[in-house]
Amino acid sequence: MISILDYGAGNLRSVENTLGAIGAEYELVRDVHSLHRSTKIILPGVGHFGQMMRALDEMQVREALTERIRAGVPFLGICLGLQALFQSSDEAPEARGLGLFEGKIERFRGDTRVPHMGWNSLERTRESRLLDGTGDAPYVYFANSFYAPAVPEASAICDYGVRFTAVLEHKNIHAVQFHPEKSGAVGLKIVKNFVCS
């Protein structure tokens, strides 16, 4: 059973639809007790970093979530769900991230149009379970104004004026900056790879 952490994310329904399309069983969870029985966890996310972290704190699930991830429960973060894994974000400097990876989420600067909206290709940097069977440079759908730095745990990066982490994979932790639920057949394959891993 896959648990989707429901803190009120705007892309929750589309994530549910994606899981339904591949025949995966799931439940929505909102409390510590439910997280402790989860065998796989998905953290979807769109919107504001500070709002997300405050919501997790108000639900009193932050500690349980990090405990379950550290205990080896397979985890998939989507968009803001990837950014939450880091220590902090320029979007809400006062908000503390989950801190599972070092570094700060930054805003796109320079001549690039913000937000980074639409289809872009991924550049693989090492072996990737999530991207298995998706081709050498798969196109996926992004909608982000902020990005995670290109860290050693990145298995794919994207270039949008700056090279940033697009797919992060480390042991049981998986996360994507793009929206697999809006990325057609490639997105379905990525979610299926996580579900079946």
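Analyst: Happy to. Let us start with helix α4, whose buried residues pack against β1, α2, β3, α3 (49-58), β4 (75-78) and β13. Please keep in mind that this is a predicted model.

Which residues of α4 are buried? The helix covers residues 62-70, and its buried residues are Arg 62, Ala 64, Leu 65, Thr 66, Arg 68 and Ile 69. After the helix comes Gly 72, which has a positive phi near 105 degrees.

Asp 57, at 38% relative accessibility, counts as partly exposed. As background, side chains of opposite charge can pair when their charged atoms come close.

How many salt bridges are there? The count comes to eight. One of them joins the side chains of Asp 6 and Arg 30, at 2.7 Å from N to O. Asp 6 sits in the loop between β1 (2-5) and α1 (12-21), while Arg 30 sits in the loop between β2 (26-29) and α2 (32-36), so this pair ties together parts that are 24 residues apart in sequence. Asp 6 counts as buried, at 11% relative accessibility, whereas Arg 30 counts as partly exposed, at 48%.

Arg 37 and Glu 27 also meet through their side chains in a salt bridge, with an N to O distance of 3.2 Å. Here Arg 37 belongs to the loop between α2 and β3 (40-43) and Glu 27 to strand β2, so the parts tied together are 10 residues apart in sequence. Arg 37 has 46% relative accessibility and counts as partly exposed.

Back to the packing partners of α4, which include β13. Strand β13 (residues 173-176) pairs with β12 in the antiparallel sense, over four bridges. Within that pairing, Leu 168 has Ala 175 in β13 as its bridge partner. The hairpin of β12 and β13 has two residues between the strands, and Lys 171 takes a positive phi near 55 degrees there.

Is β12 itself mostly covered or mostly open? This strand, residues 163-170, is mostly covered, with six of its eight residues buried. Strand β11 (residues 154-159) is joined to β12 by five bridges, and these two run antiparallel. Ile 157 has Thr 165 of β12 as its bridge partner. β11 and β12 form a hairpin with three residues between them, and Gly 161 in the turn has a positive phi of about 80 degrees.

Thr 165 leads us on to Pro 149, which touches Phe 86, Lys 104 and Thr 165 when residues up to four places away in sequence are not counted. Pro 149 is found in the loop between β10 and β11, and at 25% relative accessibility it counts as partly exposed. From Pro 149 to Ala 166 the separation is 17 residues in sequence and 9.3 Å in space, C-alpha to C-alpha.

Lys 104, one of the residues that Pro 149 touches, stands opposite Ser 88. That places us in the pairing of β5 with strand β6 (residues 104-107), where two bridges join the strands and they run parallel. What is the strand order of the open sheet? It has three strands in the order β5-β6-β10, with mixed pairing. Its edge strands are β5 (88-89) and β10 (146-147), each pairing on one side only.

α1 and helix α6 (residues 184-196) pack at an angle of about 75 degrees, and their axes are 10 Å apart. The two are therefore roughly perpendicular to each other. On the α1 side the contact is made by Thr 18, Leu 19 and Ala 21, and on the α6 side by Leu 188, Val 191 and Val 195. The residues of this contact divide into five nonpolar, one polar and no charged.

Conventions: Residues are numbered from 1 along each chain as its sequence is written. This is a predicted model: local features need pLDDT of at least 70, side-chain atom pairs count only at pLDDT 80 or more; totals for chains, interfaces and linings use all residues. Side-chain values use heavy atoms; hydrogens and water are left out. Buried means under 20% relative accessible area, exposed over 50%, partly exposed in between (1.4 Å probe, protein chains only). Two strands pair if DSSP finds at least two bridges between them. A salt bridge is a side-chain nitrogen of Lys or Arg within 4 Å of a carboxyl oxygen of Asp or Glu. Contact means heavy atoms within 4.5 Å. Axes are lines fitted to C-alpha atoms, for helices over the stretch in contact, and angles run from 0 to 180 degrees between N-to-C directions. Angles under 35 degrees count as roughly parallel, over 145 as roughly antiparallel, 65 to 115 as roughly perpendicular and the rest as oblique. Ala, Val, Leu, Ile, Met, Phe, Trp, Tyr, Cys and Pro count as nonpolar, Asp, Glu, Lys and Arg as charged, and the others, Gly among them, as polar.
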